[in-house]
Amino acid sequence: MATAERDYYELLGVARGASDAEIKKAFRALARELHPDVSGASDAPERFKEVAQAYEVLSNAESRRLYDQYGHAGLKRGGFTPTDFDLGNLGDIFSAFFGDDLFGRSARGAARGGDAAARARIELAEAYTGVTKQVVVEAAATCDRCEGDGAEPGTSATTCPTCSGVGRVQQVSRSVFGEFVRTGACPHCGGAGRIVETPCAECGGEGRTLATKTLDVEIPAGIHDGQQIRVRGAGHAGGNGGPAGDLYVEVRVAPDERFERDGNDVVASVHLTIVQAALGATVTVPTLEGDVELEFEPGTQPGEVRVLRGKGMPVLQRYGRGDQRVLVDVAVPRQLTHEQRRLLEQFEQHSNEDTYRRDEGFFEKLRSALR
Ligand SMILES: [Zn+2]
Ligand SMILES: [Zn+2]
């Protein structure tokens, strides 16, 4: 464990004097909450491991006593090494601890396959409508030749004599502090519970081969850049008939030059010339549903915002949509001909304070435009 050593009681959320039953209950509740099949939190696997280790120590009278008296250092000196759980074996940790399976899966040597990752790139317009994308995944697949058995067709595997097919053995270690009994994977069969004498020629006895597959992944409308979609059972095939892992597809939404996305809202800007802004104009503005004509009143100011209600992105997995905000930008001429200069100078001579006076409703209008 690379992380700092945390207090085991604190990890499980129990008092130091907690009974075995309380510790077991706390662990079960946390495990159900943190199991990576259930929790989407990115730190869930790491937290799960910590909690499992805490339970491993506190559920055993000897190691608990040692921990109570000497803390983490005492465990180390006593020769106690916590199991380094990995994602692939989380599923059957439960059968090891409880003799049953938390998620109702087949245990006994069957190992859940690891999770696989892939990436899908989509356009904002596709995030708007939702889209089905083909995703290429390289993942372990059940071997066709032996159908995942691992034994060459015509031969069969034998039950492991060391663990009698259970896949787990109790390991006893002695130390100055006493004796530890710990359940671990059988060293003879590696936890499979069986020995393959004539391995399959295709997969070498693994029961799995690496395969490239193309999957259609449904990306829901309203998805945000960087979000992940979990496709159950589309990860690496499990071992010994265990369930497959999941596939996590990270969705990248390409920036769209017409819009800036702001949560479920989109922001577009519209450029009016000083003349259009002064005289009023009807301008074409892009929306996610296509171009619309927007009318701007005479005297439109730079920085004004027009809100198009419900013209933003769909809200992911819920009803409703965000808004589109249209920001007014007014372009001031940069290069003038002599004639244009003359006309503007003439315009200026005809201007007075009324020309630029704010009409009384301006602030109210602006406020309502900004919601
Ligand atoms: Zn095979
Ligand atoms: Zn064995």
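**Exercise 1. Is Cys 186 buried or exposed in this predicted model?**

*Solution.* Start with the relative accessible area of Cys 186, which is 2%. Next, recall the cut-off: buried means under 20%. Cys 186 is therefore buried. Now try Cys 160 in the same way: its relative accessibility is 1%, so Cys 160 counts as buried too.

**Exercise 2. Find the protein donors of the zinc ion (ligand 2) and describe how they are spaced in sequence.**

*Solution.* Step one is to list the donors: the SG atoms of Cys 160, Cys 163, Cys 186 and Cys 189. They lie 2.2 to 2.3 Å from the zinc ion. Step two is the spacing of these residues, which reads C-x2-C-x22-C-x2-C. Cys 160 sits in the loop between β3 and β4 (168-175), while Cys 186 sits in the loop between β5 (178-185) and β6. The two are 26 residues apart, so this pair links distant parts of the chain.

**Exercise 3. Why is the arrangement around the zinc ion (ligand 2) tetrahedral?**

*Solution.* First, look at the angles that the 4 donor atoms subtend: 102 to 116°. Then apply the test, in which four donors count as tetrahedral if all angles lie between 85 and 135 degrees. The angles pass, and therefore the arrangement is tetrahedral. For orientation, the ideal angle for four tetrahedral donors is 109.5 degrees.

**Exercise 4. How far apart are the closest N and O atoms of Asp 149 and Arg 194, and where do these residues lie?**

*Solution.* Begin with the distance: the closest N and O atoms are 2.6 Å apart. The cut-off for a salt bridge is within 4 Å, so Asp 149 and Arg 194 form one. Now locate the partners. Asp 149 is in the loop between β2 (131-142) and β3 (158-159), and Arg 194 is in strand β6 (residues 194-195). They are 45 residues apart, and the pair links distant parts of the chain. Finally, check accessibility: Asp 149 is partly exposed at 31%, and Arg 194 is partly exposed at 22%.

**Exercise 5. Which residues are linked with Arg 112 in a network of salt bridges?**

*Solution.* The network links Arg 112 with Asp 115, Arg 230 and Asp 246. Take one of its pairs: the closest N and O atoms of Asp 115 and Arg 112 are 3.0 Å apart. Arg 112 is buried at 9% relative accessibility, whereas Asp 115 is partly exposed at 24%. To finish, note the count for the model, 23 salt bridges.

Key. Residues numbered from 1 in each chain as written. Chains lettered and ligands numbered in written order. Predicted model: local features only at pLDDT ≥ 70, side-chain atom pairs only at ≥ 80, totals over all residues. Heavy atoms only, no water. Salt bridge = Lys/Arg side-chain N within 4 Å of Asp/Glu carboxyl O. Buried < 20%, exposed > 50% of the residue type's maximum accessible area, 1.4 Å probe, protein only. Helix = DSSP H or I, 4+ residues; strand = E, 2+ residues; numbered from the N terminus. Donors = N, O, S within 2.8 Å, 3.2 Å for Na, K, Ca; no water. Tetrahedral: all angles 85-135°; square planar, octahedral: opposite > 155°, others 65-115°.
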